[in-house]
Amino acid sequence: MTFELKTIAGKRLLFVMAALPEYGPHLKARFKPLITGIGPVEAAVTLTKALSALNATQELPDLVVCLGSAGSRTLEQTEVYQISSVSYRDMDASPLGFEKGRTPLLDLPSVIELPLRIPGVPVASLSTGGNIVSGDAYDVIDADLVEMESFAVLRACHAFDVPLIGLRGISDGKAELRHVGDWTEYLHVIDEKLATTIDRLTQALESGTLSL
């Protein structure tokens, strides 16, 4: 699937999603995203390749918007949240004396703030990793919600000095995950609510309440 940059208020936006099941009819009416594949490795490789190609033609986006579903044991199911901060739960070099979640020899904190805000959209902290979190596994997660791509997307954006906004709808987390249907059951609702949030983003850029 090819992607397209969308111009809003004179700014080029690149929308990034992990998987086609999250890309429903309401979002299809608004943009054509870059689909990275699931997990931090696929997200990093696919987005870096795309940004490299855009950079070569001097067409880097002014903003990357990473969106899709996420899990949470505490946040409201099917509601959409914008990401206030991102952490990388897979990174653990603590046996060498490094803080858990902090990449050794990289000058970044274990939790990285995302400063841009869409007015009126609730915020939540996010943990990225290569595993599905379910049930008691939430006990060791120090974040409001979990998913598998946003930290990798952020690091790719860092490499090209492009800002990032993260948006996630809560698809699961209240109950133990047992099959793929537990993830996909509410994606149609999240699709509609994410589309409404994209409309808010558009309004904020056009009105100047969000500036890049």
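Trainee: What classes of residue line the largest cavity?
Mentor: Five nonpolar, two polar and one charged (nonpolar is Ala, Val, Leu, Ile, Met, Phe, Trp, Tyr, Cys and Pro; charged is Asp, Glu, Lys and Arg; the others are polar). The model is predicted, with pLDDT of at least 70 needed for local features and 80 or more for side-chain atom pairs, while totals for chains, interfaces and linings use all residues. Numbering runs from 1 along each chain, and side-chain values use heavy atoms, without hydrogens or water.

Trainee: Which residues line the largest cavity?
Mentor: Gly101, Arg102, Thr103, Leu106, Leu108, Pro109, Ile112 and Phe151 (an atom within 4 Å of a point on a 1 Å grid where a 1.4 Å probe fits but cannot get out).

Trainee: How big is it, by volume?
Mentor: About 30 Å³, as space filled by probe spheres. The search found one cavity of 30 Å³ or more.

Trainee: New topic. How do α2 and α3 cross?
Mentor: The axes of α2 (residues 40-56) and α3 (residues 150-160) come within 8 Å and cross at roughly 25° (lines fitted to C-alpha atoms, angles from 0 to 180 degrees; helices are DSSP H or I runs of at least four residues). So α2 is roughly parallel to α3 (under 35 degrees).

Trainee: Which residues touch?
Mentor: Among them, Leu47 and Leu51 of α2 and Val153 and Phe160 of α3 (heavy atoms within 4.5 Å). The contact has ten nonpolar, three polar and no charged residues.

Methods
1 Å grid on protein atoms, 1.4 Å probe; cavity = no way out; pocket = protein on both sides within 12 Å on 5 of 7 lines; lining within 4 Å. Helix = DSSP H or I, 4+ residues; strand = E, 2+ residues; numbered from the N terminus. Parallel < 35°, antiparallel > 145°, perpendicular 65-115°, else oblique.
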